[in-house]
Amino acid sequence: MRETGIEHEAQELRFHRLHFFRAVMLRFKLEKLVQGVCLKMNIETIAMIGSGVMGRGIAQSAAAAGYQVLLHDTSPTQLQTALQAIEADLEEGIRRNKVTEEEKRRVLQRIGTSDSLHVAASADFVIEAIPEILEWKQELFAHLDAICKADAILATNTSTMSPTQIGAATKSPHRVIAMHFFNPVPRMKLVEIVRGLDTSDATYEATRHVAERMGKETVEVNEYPGFITSRMNCLIGNEAMRMLQEGVASAEDIDKAIKLGLHHPMGPLELADLVGLDARLKNMQYLYEKLGETYRPAPILEKYVAAGRLGRKSGRGFYEY
Ligand SMILES: NC(=O)c1ccc[n+]([C@@H]2O[C@H](COP(=O)([O-])OP(=O)(O)OC[C@H]3O[C@@H](n4cnc5c(N)ncnc54)[C@H](O)[C@@H]3O)[C@@H](O)[C@H]2O)c1
């Protein structure tokens with residue numbers, strides 16, 4: 001009789017535990033559902049934060065896809081330069097019969113500029129492309145989290161860094177994601193999409209949708225320093241810089257060998273010049289810190305950046321422009 005009583009109590013305990021577990025799971029699923037429903041799927045306005053090499057390219061591609069673009073930079077001069085660069089690129093497109101006069105007019109019409117971050121408050125989707133410095137990105141995301149609509153998605157164009165770490169600076173990491181574009185954005189097909197630990201499925205789906213509307217192919221990457229492409233590309237570029245420094249061959253011949261012998265569309269040194277040597281050095285420093293010795297930046301890269309030889313944007317890098 002006593003044994004039956006104990007068994008009954010044990011059964012009741014198991015029953016309550018099961019109910020408790022189910023209730024927790026239900027709450028978890030509901031929270032995810034609410035996050036998903038609350039995140040905006042009908043995205044029409046994109047705020048682009050940073051109007052440098054990448055920001056201006058992303059702004060142009062977003063406007064070409066029909067989005068209203070709010071382009072923000074702390075530097076009004078950079079905003080001006082960005083608009084001129086977008087116009088020049090569209091004119092080049094007209095010369096090559098890829099863009100019509102009407103398309104150029106529409107793209108330019110869809111891009112508004114501002115040196116106040118508050119323009120982001122009305123956006124459905126925000127893309128950040130400020131320099132590759134974690135503290136700057138975290139500070140910016142905390143600010144965006146506070147001023148943006150609750151259903152806006154916050155994407156970072158970081159080349160190497162952790163969307164989890166960037167999202168941790170916000171109170172809503174479920175809407176933070178990495179959306180890694182390539183330079184020059186209007187012509188490069190790929191976007192790597194990297195989820196942070198708390199990124200919701202709805203954020204991922206909406207980000208993929210935005211990339212696809214811009215005409216891009218996407219790959220989904222599990223968070224790891226450098227994702228797929230930067231990890232590989234930084235290594236190839238760094239090796240080319242070491243070869244140059246060791247006197248193995250000239251910059252022209254290293255690039256020529258990699259293009260014609262390995263079928264790369266660009267040589268690693270001309271590509272580094274296009275990316276910007278300061279940006280490349282920041283990527284290398286981050287990967288070196290996270291992944292170790294293999295990624296130690298080539299001394300020649302550090303020397304060029306210290307001298308202000310930043311590649312195309314400064315008129316001189318491994319080549320003169
Ligand atoms: N350059 C590339 O080829 C490339 C490719 C993929 C990803 N990325 C990544 O994109 C990001 C931007 O790189 P980039 O090459 O365009 O840099 P960039 O130096 O050309 O441009 C950065 C811009 O951000 C602005 N800025 C700085 N702080 C700001 C702030 N707090 N708010 C608003 N604007 C601010 C600067 O005035 C500048 O115009 C980096 O994270 C980089 O790693 C670069």
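User: Where does F227 lie?
Analyst: In this predicted model, F227 is in the loop between β8 (217-222) and α8 (229-246).

User: What is its phi?
Analyst: Phi of F227 is near 50 degrees, which is a positive value in a residue other than glycine.

User: And is F227 buried or exposed?
Analyst: F227 is buried, because 21 other C-beta atoms lie within 10 Å and the cut-off for buried is 20 or more.

User: Buried or exposed, for H263?
Analyst: H263 is exposed: there are 7 other C-beta atoms within 10 Å, and 12 or fewer counts as exposed.

User: Switching to peptide bonds. Which one is cis?
Analyst: The bond from N183 to P184 is cis, with omega near 0 degrees. P184 belongs to the loop between β6 (176-180) and β7 (190-195).

User: Which residues are closest to the ligand?
Analyst: N183 is one of them, along with G50, G52, M54 and S159. In total, 28 residues surround the ligand.

User: What classes are they?
Analyst: The shell around the ligand has 14 polar, 12 nonpolar and 2 charged residues.

User: Which helix gives the most to that shell?
Analyst: α2 does, with 3 residues. Both α2 and α5 (134-147) supply at least two residues each.

User: Where does the shell lie relative to the domains?
Analyst: Domain 2 (45-222) and domain 3 (229-314) both contribute residues to the shell around the ligand, so the shell lies between them.

User: OK, the core now. How many residues has the largest nonpolar one?
Analyst: The largest nonpolar core has 78 residues. Those with the most contacts inside this core are M48, V69, F125, V126 and I127. Helix α2 (residues 53-64) gives the most to this core, with 7 residues.

User: And which domains give residues to this core?
Analyst: Domain 2 (45-222) and domain 3 (229-314) both do, so the core lies between them.

User: What is M48 in contact with, leaving aside its neighbours within four places in sequence?
Analyst: M48 is in contact with G55, I58, A59 and A62, with V69, L70, L71 and H72, and with I127.

User: Last bit, the whole chain. How many helices and strands?
Analyst: The chain has 12 helices and 8 strands. Of its 321 residues, 40% count as buried.

User: And what share of the contacts is between residues 24 or more positions apart?
Analyst: Such pairs account for 68% of the contacts in the chain with a separation of 6 or more.

Definitions and conventions
Residues numbered from 1 in each chain as written. Predicted model: local features only at pLDDT ≥ 70, side-chain atom pairs only at ≥ 80, totals over all residues. Core = buried A, V, L, I, M, F, W, Y, C linked by C-beta atoms within 7 Å. Helix = DSSP H or I, 4+ residues; strand = E, 2+ residues; numbered from the N terminus. Domains from an automatic or database assignment. Contact = placed C-beta atoms within 7 Å. Near = placed C-beta within 6 Å. Nonpolar A, V, L, I, M, F, W, Y, C, P; charged D, E, K, R; others polar.
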